[in-house]
Amino acid sequence: AGSVVTFDEEDASTLQGFTIANGSAERWGGGIYCQDSSPFMLDLVVEDNWARDIGGGIYCALGSPRLNNVIIQNNRAGNGNGTGGGFGEIRSTPSLTNVIIRDNTAGELGGGIVAFSGTIILENVAIVNNSARSCPGVDIFRSTGNLFTNVTIARNIGEREIAALGVRTDGEDDGRSELMLVNCIIYGNRPGRQLAVYAGFEENP
């Protein structure tokens with residue numbers, strides 16, 4: 001048991017042309033675990049992995065990983081809880097280009113992606129058919145400088161009436177979140193709204 005691939009200690013390696021599958025992590029990153037590292041991940045399929053807490057498929061903390069031409073599918077975070085079924089980051093600056101994130105599940109937040117206190121850049125990314133209790137597509141919390149370009153967030157399914165894409169703060173000045181959307185499509189997500197901004201789980205007026 002454990003993550004299939006681990007990057008740490010400022011590792012800037014390239015991982016290319018593999019299927020990363022059947023990992024099982026008691027904390028973070030069932031498929032790929034990145035800590036203090038900035039690897040380049042290219043031409044991968046990350047599927048059928050599980051993590052108890054964050055990042056069923058991929059987890060990164062305190063790094064700047066780059067993903068290009070990657071499929072992240074059928075991963076799971078948590079049982080009754082867990083966040084970031086497909087991809088989860090904490091205090092990182094990941095960039096994802098030409099990526100498909102589909103059919104992932106999180107017990108609590110961010111079936112596709114969860115972003116905590118970092119900056120995430122997406123370009124030509126599809127986030128579809130993911131599920132979570134809340135924010136089944138993407139959950140962004142206390143994260144600034146986020147940029148989504150040519151991103152589709154569609155047909156994600158949640159249990160709570162919040163939104164497929166949630167941009168959350170904790171109500172403090174240093175806890176703000178920012179997201180710029182450029183030429184993005186958000187549609188067909190259930191239930192409730194497609195996009196919402198919140199302080200915690202209380203909607204901002």
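Residues are numbered from 1 along each chain as its sequence is written, and side-chain values use heavy atoms, with hydrogens and water left out. Because the model is predicted, local features need a pLDDT of at least 70 and side-chain atom pairs count only at pLDDT 80 or more, whereas totals for chains, interfaces and linings use all residues.

The strands are considered first. Helices (H or I, at least four residues) and strands (E, at least two) are DSSP runs numbered from the N terminus, and two strands are taken to pair if DSSP finds at least two bridges between them. Six strands form an open sheet in the order E4-E7-E10-E13-E16-E19, with parallel pairing. The edges of this sheet are strand E4 (24-25) and strand E19 (157-158), each of which pairs on one side only. E4 is joined to E7 by two bridges, and these two strands run parallel; within this pairing, Ala25 has Ala51 in E7 as its bridge partner.

Strand E8 (residues 58-61) pairs with strand E5 (residues 32-35) in the parallel sense over four bridges, and in this arrangement Ile32 stands opposite Ile58 of E8. E8 also pairs with strand E11 (residues 87-90), again in the parallel sense and over four bridges, and the bridge partner of Tyr59 in E11 is Gly88. In a regular strand the side chains alternate between the two faces of the sheet. In E8 both faces are covered, since Ile58 and Cys60 on one side and Tyr59 and Ala61 on the other are all buried, where buried means under 20% relative accessible area, exposed means over 50%, and partly exposed lies in between (1.4 Å probe, protein chains only).

Asn49 is located in the loop between strand E6 (40-47) and strand E7 (50-51), and it counts as buried because its relative accessibility is 2%. The side chain of Asn49 takes part in polar contacts, defined as pairs of N or O atoms within 3.5 Å, of which, within protein, one must be able to donate a hydrogen and the other to accept it, while residues adjacent in sequence count only if both atoms are side-chain atoms. This side chain reaches the backbone oxygen of Ile20 at 3.1 Å, and a polar atom of the Asn49 side chain lies 3.1 Å from the backbone nitrogen of Asn22. When neighbours within four places in sequence are left aside, Asn49 is in contact (heavy atoms within 4.5 Å) with residues including Val4, Ala21, Gly31, Gly56, Asn74 and Arg76.

A search of the whole structure finds three aromatic pairs. Rings of Phe, Tyr and Trp (its six-membered ring) pair if their centres lie within 6.5 Å, and planes under 30 degrees apart count as stacked, over 60 as edge-to-face and the rest as tilted. The rings of Tyr33 and Tyr59 have centres 5.6 Å apart and planes at 25°, so this pair is stacked. The pair links distant parts of the chain, with Tyr33 in strand E5 and Tyr59 in strand E8, 26 residues apart, and both tyrosines are buried. In the pair formed by Phe116 and Phe141, the ring centres are 6.1 Å apart and the planes lie at 85°, so the geometry is edge-to-face. Here too distant parts of the chain are linked, as Phe116 belongs to strand E14 (residues 113-116) and Phe141 to strand E17 (residues 138-141), 25 residues apart; Phe116 and Phe141 are both buried. Trp28, Tyr33 and Tyr59 form one aromatic cluster.

Arg66 lies over the face of Phe40, at 4.4 Å from the ring centre; a charge sits over a ring if NZ of Lys or CZ of Arg is within 6 Å of the ring centre and within 35 degrees of the ring normal.

Most residues other than glycine have a negative phi. Asn150, which lies in strand E18 (residues 146-154), has a positive phi of about 55° although it is not a glycine, and Asn150 is partly exposed, with a relative accessible area of 29%. Arg155, in the loop between E18 and E19, likewise has a positive phi, near 60°, and counts as partly exposed at 40% relative accessibility.

Thr144 is placed in the loop between E17 and E18 and is partly exposed at 28% relative accessibility. Not counting residues up to four places away in sequence, Thr144 touches Gly118, Thr119, Arg176 and Glu178.
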